[in-house]
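This report walks through a few regions of one protein model. Follow along with the sequence and the 3D view.

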Amino acid sequence: MVQGDGPSTGDGERRDRMSPLGRSLACWLPAVLIVGGLAFDMATPPSYTAAPFFSAAPLVAAPLLSLPATVLTALAAMAGESLVVTYRSAAQDTHESVTEIATVFVVALLALAINRVVRRSDARLASVRDVSEAAQRAVLPVPPERLGGLAVAARYVGARADARIGGDFYAVQDTPHGVRLIVGDVRGKGLEAVEAAVVVIGAFREAAEQEATLEAVAGRLERALQREGGRRGGLDRYEGFTTAVLAEIPADGRPVLRVLNRGHPAPLLLGPDGGLCELMPAVPALPLGMREVASWPDRSDESFFPAGSLLVFFTDGVTEARDLRGRFYDPADKLRGRRFPGPGSLLDALIEDVTRHTGGAPADDMALLALQRPMGE
């Protein structure tokens with residue numbers, strides 16, 4: 001799910017995921033089967049039967065079309081089978097004719113039952129999706145379009161259509177120290193990952209306002225995860241971790257960017273001339289939550305952030321996206337030399353490119369955040 005999209009019903013969701021050609025085929029396939037059954041019967045000897053065509057038509061319509069359309073398809077299939085049996089009544093055994101009509105009739109009833117089950121399932125799924133979307137909006141609210149003089153955009157794309165929230169997260173806010181942000185990914189999936197993401201976001205929002213440096217903010221996040229790990233106990237206490245990248249654009253207006261990376265994919269800085277810089281950390285560091293494995297002082301890296309530049313952060317759902325040949329997606333290579341009018345268009349283009357690379361089936365969630373320092377500032 002792309003952050004900002006509204007909820008939809010099961011039927012609408014299914015149609016939205018289909019291409020225009022797919023929607024057309026889904027609508028016309030039952031009719032094609034019925035017409036094909038009539039043509040098959042006319043083109044073959046009396047010993048052949050077109051009953052499979054007429055039986056298949058309502059079964060195909062059941063999961064794809066509405067109840068009235070499925071009923072209409074079932075009636076058309078019954079009419080087609082009756083027409084065929086009447087046409088061949090002189091050359092076909094009566095018992096065989098009755099059996100074929102009964103088969104189509106039973107399959108048509110089964111199709112109506114399947115359609116009702118699918119519609120109920122769609123309704124329940126739509127309800128769950130609405131609840132999960134509300135939860136996502138609470139955890140990952142859409143940031144304002146402008147924050148601290150910067151243009152801002154964010155997106156969240158779930159790997160599965162029925163799973164709108166996971167361990168990927170972002171947060172951005174204007175503080176007395178400047179605009180500060182975090183983009184991260186909690187190890188694992190499910191509610192435990194969401195719970196850990198909520199802990200990190202909550203700790204970040206408080207620490208970003210109070211702490212003077214990014215290093216101190218990272219320390220607060222580390223302690224928050226340690227407390228959470230102690231509360232949860234079990235295996236996750238020792239194996240849980242969160243990759244994250246923190247950044248700060250100072251409030252004094254200087255074209256400076258500070259980044260502190262804790263085992264997360266490096267953000268990209270796109271210049272107004274199409275140039276691209278991958279902001280790799282000078283000293284690699286372990287993710288948050290691994291203080292018991294190794295301890296070292298955090299250190300942020302400072303970069304030049306000129307007017308007109310775009311800064312983009314993302315989770316490993318982008319960098320670990322694979323195509324059919326198993327090749328990873330390289331955002332730096334794909335974005336180098338390209339220009340975008342704003343952060344929103346950059347993220348939309350990046351999501352579209354990743355979707356194209358994976359063939360429309362991303363294997364992991366993606367959280368993306370982009371900022372732009374406007375020209376003249």
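## Annotated spans

In residues 60–85, the end C-alpha atoms lie 23 Å apart, and the span is 92% helix and 0% strand. Residues 97–118 are 100% helix and 0% strand, with end C-alpha atoms 32 Å apart. Helices (H or I, at least four residues) and strands (E, at least two) are DSSP runs, numbered from the N terminus.

## Basis

The model is predicted: local features need pLDDT of at least 70, side-chain atom pairs need 80 or more, and totals for chains, interfaces and linings use all residues. Residues are numbered from 1 along each chain as its sequence is written, and side-chain values use heavy atoms, without hydrogens or water.

## Nonpolar cores

The largest nonpolar core has 47 residues. A core here is a set of buried Ala, Val, Leu, Ile, Met, Phe, Trp, Tyr and Cys residues joined through side-chain atoms within 4.5 Å; buried means under 20% relative accessible area (1.4 Å probe, protein chains only). Helix α6 (residues 190–210) gives the largest share, 9 residues.

Ile182 and Leu371 have the most contacts inside this core. Beyond four places in sequence, Leu371 touches residues including Leu150, Ile249, Phe305 and Pro343 (heavy atoms within 4.5 Å).

## Aspartate 301

Aspartate 301 sits in strand β9 (residues 301–304). Aspartate 301 is buried, yet has no salt bridge (a side-chain nitrogen of Lys or Arg within 4 Å of a carboxyl oxygen of Asp or Glu). The nearest side chain of opposite charge, arginine 299, is 4.6 Å away.

Key. Buried < 20%, exposed > 50% of the residue type's maximum accessible area, 1.4 Å probe, protein only. Lys, Arg positive; Asp, Glu negative; His and termini not counted.
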